[in-house]
Amino acid sequence: MRQQGATGEYLLEYSYIVENLSEFAEDEDGQKLVSASLGATIAGISYSTARGIVLDRTQATDFNGVLLPIINPHRLLGEDSFSEL
């Protein structure tokens, strides 16, 4: 008996309002550069939230509570995505 591979997909979108964004960003050649600390913080919050949502939504399924790995939030950002302000 051949088993079929199971797949799943979630699309999660996040919106953030950073009231003191000017403290974490600067203009350079017409582009906004955001500090690595702000980018990593937002990426970490987003990824941790996604981990919880995926775990919760898969507990009562054949996936039996999928655990996303714990990662460094800087890995979610490309090297060109932020600067060290």
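Reply: Let's start with the rule: a salt bridge needs a side-chain nitrogen of Lys or Arg within 4 Å of a carboxyl oxygen of Asp or Glu. By that rule the count comes to one salt bridge. Its partners are Lys 32 and Asp 27, whose closest N and O atoms are 3.6 Å apart. Both Lys 32 and Asp 27 are exposed. Here exposed means over 50% relative accessible area, buried means under 20%, and partly exposed covers the values in between, with a 1.4 Å probe and protein chains only.

Before we go on, a word on what you are looking at. This is a predicted model, in which local features need a pLDDT of at least 70 and side-chain atom pairs count only at pLDDT 80 or more, while totals for chains, interfaces and linings use all residues. Residues are numbered from 1 along each chain as its sequence is written, and side-chain values use heavy atoms, with hydrogens and water left out.

Now for the strands around that salt bridge. The elements are DSSP runs numbered from the N terminus, a helix being H or I with at least four residues and a strand being E with at least two. Strand β1 covers residues 25-28 and strand β2 covers 31-34. Two strands pair if DSSP finds at least two bridges between them; β1 and β2 are joined by four bridges and run antiparallel. Within this pairing, Glu 26 stands opposite Leu 33 in β2. As background, side chains in a regular strand alternate between the two faces of the sheet.

Asp 29 has a positive phi of about 55°, although it is not a glycine.

The protein chain has one helix and two strands, and along the sequence they follow the pattern β-β-α. Of its 85 residues, 19% count as buried. The confidence score, pLDDT, is the predictor's confidence in each residue and goes from 0 to 100. The chain averages 82, and 86% of the residues score at least 70. Where pLDDT is low, the predicted coordinates should not be read in detail.

Next comes the segment before β1, where you will find both Glu 13 and Tyr 16. Glu 13 counts as exposed because its relative accessibility is 69%. Glu 13 and Ala 50 are 37 residues apart in sequence, and their C-alpha atoms are 9.7 Å apart in space. Ala 50 has its place in helix α1 and counts as buried, because its relative accessibility is 12%. Ala 50 and Tyr 10 are 40 residues apart along the chain, with their C-alpha atoms separated by 9.2 Å.

Tyr 16 brings us to the rings. Rings of Phe, Tyr and Trp (its six-membered ring) pair if their centres lie within 6.5 Å, and planes under 30 degrees apart count as stacked, over 60 as edge-to-face and the rest as tilted. The structure holds one aromatic pair. The ring centres of Tyr 14 and Tyr 16 are 6.3 Å apart and the planes are at 20°, so this pair is stacked. Tyr 14 is partly exposed at 32% relative accessibility, and Tyr 16 is partly exposed at 36%.

Finally, a second look into the helix. Thr 41 lies in helix α1 and is partly exposed, because its relative accessible area is 44%. Thr 41 and His 74 are 33 residues apart in sequence, and their C-alpha atoms are 8.9 Å apart in space.
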